[in-house]
Amino acid sequence: MEKSLIQRLLLSDTGSKILTIVIIFIAIVVPVLNLLVPVDSPLHISTYTVTLLGKYLCYALLALSVDLVWGYLGILSLGHGAFFALGGYAMGMYLMRQIGDRGVYGNPLLPDFMVFLNWGSLPWYWFGFDHFPLALLMMFAAPGILAFVFGWLAFRSRVTGVYLSIMTQAMTYALMLAFFQNDFGFGGNNGLTDFKEILGFNLQDNTTRCALFVASAVALLSGYAFCKYIAQSRLGSLVMAIRDSESRVRFMGYRDEHIKLFIFVISAMLAGIAGALYVPQVGIINPSEFAPIRSIELVIWVAIGGRGTLYGAVLGAFVVNYAKTFFTAWAPEAWLFILGGIFVFVTVFMPKGLVGIYNQARSRNTRKKSMKESQANIRNS
Amino acid sequence: MSTSFADAIDEGNTVLSFPELVASLTTKKFDEKAVIIKKIQESEHPQSLIILSKLLDGKIYYKKDDKTVVIADITKKTASIINASTGEPLGQTTKKKLKKVGINNKLRRALNSSIAQLSLNNEDPKIRKSAVVEMFKNMDDEMSSILQKQLGVEKNKHVIKTLETAISINQLKSSVHDDKLQAIESLSNSLYPEVRVALNQLEKNLSTSPQTSQTLTLIETTQNSLKKIESRVGIYKQIENIFFGISLGSVLLLIAVGLAITFGVMGVINMAHGEMLMLGAYTTYIIQLLLPNHIEYSILISIPTAFIFTGLVGIGIERGVIRFLYGRPLETLLATFGISLILQQAVRTLISPQNRAVSTPEWMSGSLDINPALSLTYNRLYIIIFALLVLAGLMLLLNKSKFGLQVRAVTQNRSMAKAMGIKTDWVDAFTFGLGSGIAGIAGVALSQLTNVGPNLGQAYIIDSFMVVVFGGVGNLWGTLFGAMTLGIANKFLEPSMGAVLAKIIVLVFIILFIQKRPRGMFALKGRSADN
Amino acid sequence: MEKNESILYLNNVSVSFDGFKAINELSLYIDKNELRCIIGANGAGKTTMMDIITGKTKPDEGEVYFGDHIDLTKKDEAEIANLGIGRKFQKPTVFENHSVFENLQLALEGHRNILSNLFYELNEDQRNKIDSSLETIGLEAEKYRMAGELSHGQKQWLEIGMLITQNPQVLLVDEPVAGMTHQESERTAELLTSLATRHSVVVVEHDMEFVRSIARRVTVLHQGSVLAEGTMDKIQNDRKVIEVYLGD
């Protein structure tokens with residue numbers, strides 16, 4: 001029974017199969033090549049690369065969360081960067097508290113920036129962040145609560161389409177302004193940084209790095225399975241029905257706004273976890289993560305991969321971020337031209353993304369075969 | 001030669017000509033200089049005021065070779081010089097060949113008073129008035145008696161009022177109780193900051209002096225006067241805030257109106273709209289670069305140029321990208337965002353990533369001084385007027401022209417309009433061009449308020465989205481209402497809670513507002529508005 | 001005419017959009033298991049009336065009751081649907097990216113909350129129900145086809161099928177035969193007539209021939225209120241109706 005569930009979630013179609021195998025493969029091979037292969041061997045993978053790939057895995061999880069609301073629910077959120085950042089800040093606060101008296105000012109209770117600002121005591125919302133379980137809870141809760149409040153207000157008043165998109169953008173913009181403020185209590189401009197250790201492990205150790213990498217891979221795969229489970233359930237069917245014809249769903253007696261809210265909150269929490277895993281790997285979280293452009297950028301990851309497929313989102317996150325790493329090193333001037341060009345090209349010429357192009361090519365080649373497969377794919381439980 | 005002048009002065013000989021007087025400034029004796037200054041003042045020669053103010057600024061020199069007294073503008077080693085007595089330019093020289101005409105503190109006082117008296121005789125009442133205001137800070141009995149005299153001949157009532165204020169400020173120092181009291185009371189009508197300083201100083205002095213019943217009365221009256229002044233200043237501060245709010249609202253209006261029209265007609269949000277604004281602002285910058293000698297007209301040239309340029313860019317975007325995305329508003333949003341990235345980067349690459357300053361023409365600088373507590377800058381005033389003119393023009397276009405009729409038809413029911421033979425894609429392209437063109441002229445206006453940079457559009461775009469959300473689409477009144485409300489709300493909240501928090505509060509307010517009216521303040525109603 | 005128990009009751013309902021009165025003091029009663037046809041020109045207020053009953057539009061004035069005590073003006077769309085009022089839109093609205101089977105499965109009564117949908121497993125009973133709906137609308141052969149691939153008429157039937165599967169007490173059917181061939185229309189007529197034995201059915205339609213083929217009782221709407229009501233024959237001879245339809 002359990003095995004069949006895993007099969008259903010991770011191995012039911014080609015895309016999922018490839019994704020599962022690749023992720024499991026790199027989750028094993030990358031740490032091995034980093035930790036066990038000597039540094040001078042050509043097979044050695046540097047810690048820099050491990051961190052970079054770990055970052056990509058977090059981005060992929062973030063892209064999944066966007067695909068869930070955009071590809072399945074039809075809501076173009078331009079604010080998912082905010083959920084990612086909130087999860088990141090929750091983790092950052094935990095890591096700040098772990099520094100203890102090893103900060104520049106050596107204050108055992110207050111993080112450096114608070115000492116610098118002459119704060120006498122820890123603000124109430126920082127309490128408890130020295131306990132990992134509570135911090136972990138907040139990594140889900142902070143983005144979840146924001147998504148709940150925002151979504152509840154927006155869906156209840158039936159704000160949809162571009163209106164909703166620009167409201168989500170305004171949301172992340174407002175948060176960016178707030179987090180830039182010093183007296184907001186999250187380190188202002190500089191954000192949170194100079195972390196030392198996580199759960200007692202030194203963040204600079206290769207082993208810790210690799211563990212975080214594996215954790216990100218596990219999170220991505222679990223997130224994928226979770227999204228897939230939702231997508232394959234009758235709820236998922238409803239979610240897509242809302243995307244295609246919301247009023248029909250409503251007139252059938254479903255509370256469409258509750259369903260939307262549920263998915264939106266779940267998605268925000270996934271984004272939050274992605275952010276939480278991202279922060280210890282890159283070593284910093286600052287308000288620029290809330291910048292509207294960050295949120296729009298990650299939408300294009302999903303678009304280029306192919307939305308509404310989940311594995312397309314993961315693919316897109318890897319492709320665009322690899323391109324970004326490559327181009328910002330090679331021709332930083334050109335990167336924004338390329339990114340802008342991708343936006344235009346993808347929306348106009350490949351609305352179904354890379355996955356769509358592949359499927360089209362394949363169906364042209366083996367039309368009969370794919371007909372059969374698509375029939376098999378149709379859920380008749 | 002100099003001795004003979006000195007003798008002549010000593011003898012009280014007043015028949016020296018003006019050039020001779022000026023030439024005698026080369027003397028080293030400060031006492032003599034004092035007499036010469038007085039005489040230059042009394043000569044009422046057109047150059048008098050210039051010479052005296054330059055002397056005060058330390059810009060009067062004489063040439064070491066022929067002792068010609070000159071006004072020198074010294075930059076490092078070279079100096080451009082002007083003959084002091086004639087005003088005739090004498091070209092360039094080196095700093096070494098010049099010697100400064102020195103002054104001391106006593107001379108400075110004398111100069112101040114002479115300059116003031118000269119200014120008081122000026123034909124322009126504005127200059128007379130500002131001369132008196134200049135004197136507020138260092139009033140003494142001597143100055144006061146000069147002003148008393150002036151009061152007798154002065155006709156202009158604004159100048160008279162200022163004179164009275166100056167005299168009252170001096171009267172505060174009087175030892176006569178009733179005079180003091182009267183001065184305190186009469187100053188309660190004045191809004192000059194110097195008056196407040198003087199009254200505060202007085203209050204401080206009084207509270208440390210022996211507390212007789214007279215002093216207590218004085219303290220109370222002073223406090224009352226101050227209170228009265230403060231409350232009036234407070235009101236003017238609010239009026240100023242409203243003015244700032246309206247001017248911000250006007251900018252938002254100019255930006256949002258294009259967004260609202262395109263959203264109304266095509267149902268798409270143009271994320272590159274902010275970049276149209278930026279391009280418009282850069283148009284002004286480039287025109288000023290091309291015509292450095294015609295800054296006065298640069299704005300007037302920029303407005304149509306920016307409109308046409310950004311309008312064409314807009315039409316290009318519509319024809320080149322957006323029309324392929326018809327019926328997919330979310331994808332349109334993404335594609336136009338991509339265009340905005342490209343345009344920003346293009347400006348960074350082609351011009352500069354740094355901000356650029358655009359000059360303000362003479363006629364737009366300065367301010368309209370309503371009273372000492374309230375002055376409205378001309379650039380903001382012009383922008384308000386300009387925004388309203390643009391709005392009126394647009395209303396005329398939309399309500400009276402054939403194009404406007406078609407736009408309204410497509411806004412209300414696209415398929416019906418199409419069925420009736422309206423070329424909807426033509427309407428789309430031109431609406432988009434119109435919206436972009438207006439954003440372009442908004443950029444011209446904005447270049448007069450702030451520096452021009454590649455990120456200019458980003459700074460305003462979210463606020464103008466909020467205007468559209470708040471005001472509703474398909475109705476220009478809604479945009480006007482939304483822009484003004486948000487502009488004024490922002491500026492009203494700013495002083496008490498800071499710009500950032502004000503912005504956040506306004507955003508939160510809008511999110512709550514759409515609970516009540518999801519389609520904005522002035523939304524279209526009915527079945528056709530549902531989709 | 002015998003007095004039946006009424007299931008839908010509109011009394012003096014008015015609604016206006018920007019000053020235009022779409023519905024003007026409309027009063028209408030629908031009985032249990034009645035098949036009612038509503039006709040009227042464009043803009044007579046037929047669709048707005050359906051919007052009011054289903055909670056999409058709130059009336060400015062007037063009462064709308066379901067059964068004896070349920071005030072529909074206080075309920076929203078989903079609540080009204082769950083009370084047992086189903087609606088078919090003028091433009092066929094089915095989930096085009098879902099199969100016919102899935103469309104019907106989503107319509108199936110019960111399981112309206114989130115968690116029960118997340119852990120939903122279809123049982124034999126429900127499967128049979130869907131199959132019987134499929135049979136009723138004659139789309140058995142299209143069971144696994146995407147709804148978007150169906151013909152216009154088939155989409156209309158699918159939507160009616162979804163209504164049946166939802167098992168409401170009242171079916172509001174907006175222009176069911178628009179775009180149908182003559183044969184398809186006839187089948188639709190049979191379908192609706194047979195439905196009226198177990199449900200109340202309100203049909204809005206332009207096609208007079210179709211109305212005549214199914215109508216027992218007809219209401220004519222004009223400018224937002226009832227112009228005439230009665231049997232088809234009575235309506236056809238009504239002077240006011242003739243005036244409105246043929247007069248100008």
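## Basis of the description

The model is predicted, so local features need pLDDT of at least 70 and side-chain atom pairs count only at pLDDT 80 or more, while totals for chains, interfaces and linings use all residues. Residues are numbered from 1 along each chain as its sequence is written, chains are lettered from A and ligands numbered from 1 in the order in which they are written, and side-chain values use heavy atoms, with hydrogens and water left out.

## Interface of chain A and chain B

Contact (heavy atoms within 4.5 Å) involves 39 residues from chain A and 42 residues from chain B. The size of an interface is often given as the accessible area lost when the parts come together. Here the buried area (the accessible area, with a 1.4 Å probe, that two parts lose on being put together, summed over both) is about 3,700 Å², and carbon and sulfur atoms give 79% of it.

One salt bridge (a side-chain nitrogen of Lys or Arg within 4 Å of a carboxyl oxygen of Asp or Glu) is found across this interface. B:Glu331 forms a salt bridge with A:Arg307, with the closest N and O atoms 2.4 Å apart. Four residue pairs, both at pLDDT 80 or more, are in polar contact between chain A and chain B. A polar contact is a pair of N or O atoms within 3.5 Å; within protein, one must be able to donate a hydrogen and the other to accept it, and residues adjacent in sequence count only if both atoms are side-chain atoms.

On the side of chain A that touches chain B, helix 6 (132-156), helix 7 (161-180), helix 12 (292-305) and helix 14 (332-349) each supply at least two residues. Helices (H or I, at least four residues) and strands (E, at least two) are DSSP runs, numbered from the N terminus. Helix 7 of chain A provides the largest share of that side, 12 residues. By class, the side has 27 nonpolar, nine polar and three charged residues; Ala, Val, Leu, Ile, Met, Phe, Trp, Tyr, Cys and Pro count as nonpolar, Asp, Glu, Lys and Arg as charged, and the others, Gly among them, as polar.

## Interface of chain C and chain A

Chain C places 37 residues in contact with 29 residues of chain A. Between them the two chains bury about 3,100 Å², 58% of it on carbon and sulfur atoms.

Helix 2 of chain C gives the most, with five residues. This side of chain C divides into 16 nonpolar, 11 polar and 10 charged residues.

## Salt bridges

Side chains of opposite charge can pair when their charged atoms come close. The structure holds 36 salt bridges over all chains. The side chains of A:Arg248 and C:Glu159 form a salt bridge at 2.4 Å, N to O. Within chain A, A:Arg250 and A:Asp256 pair at 3.1 Å, N to O, and both residues are buried (under 20% relative accessible area, against over 50% for exposed and in between for partly exposed; 1.4 Å probe, protein chains only).

Within chain C, the side chains of C:Lys129 and C:Glu109 meet in a salt bridge at 3.4 Å, N to O. C:Lys129 lies in helix 5 (residues 124-137) of chain C and C:Glu109 in the loop between helix 3 and helix 4, so the pair ties together parts that are 20 residues apart in sequence. C:Lys129 is partly exposed, at 37% relative accessible area, as is C:Glu109, at 32%.

## Two local features of chain B

Helix 18 (residues 424-446) of chain B has 23 residues and should span 33 Å at 1.5 Å a residue, the expected span being 1.5 Å times one less than the number of residues. Its end C-alpha atoms are 32 Å apart, which agrees.

B:Ser174 is found in the loop between helix 8 (157-171) and helix 9 (177-187) of chain B. At 17% relative accessibility, B:Ser174 counts as buried. A polar atom of the B:Ser174 side chain lies 3.0 Å from the backbone nitrogen of B:Val176. Not counting residues up to four places away in sequence, B:Ser174 touches B:Asp179 and B:Lys180.
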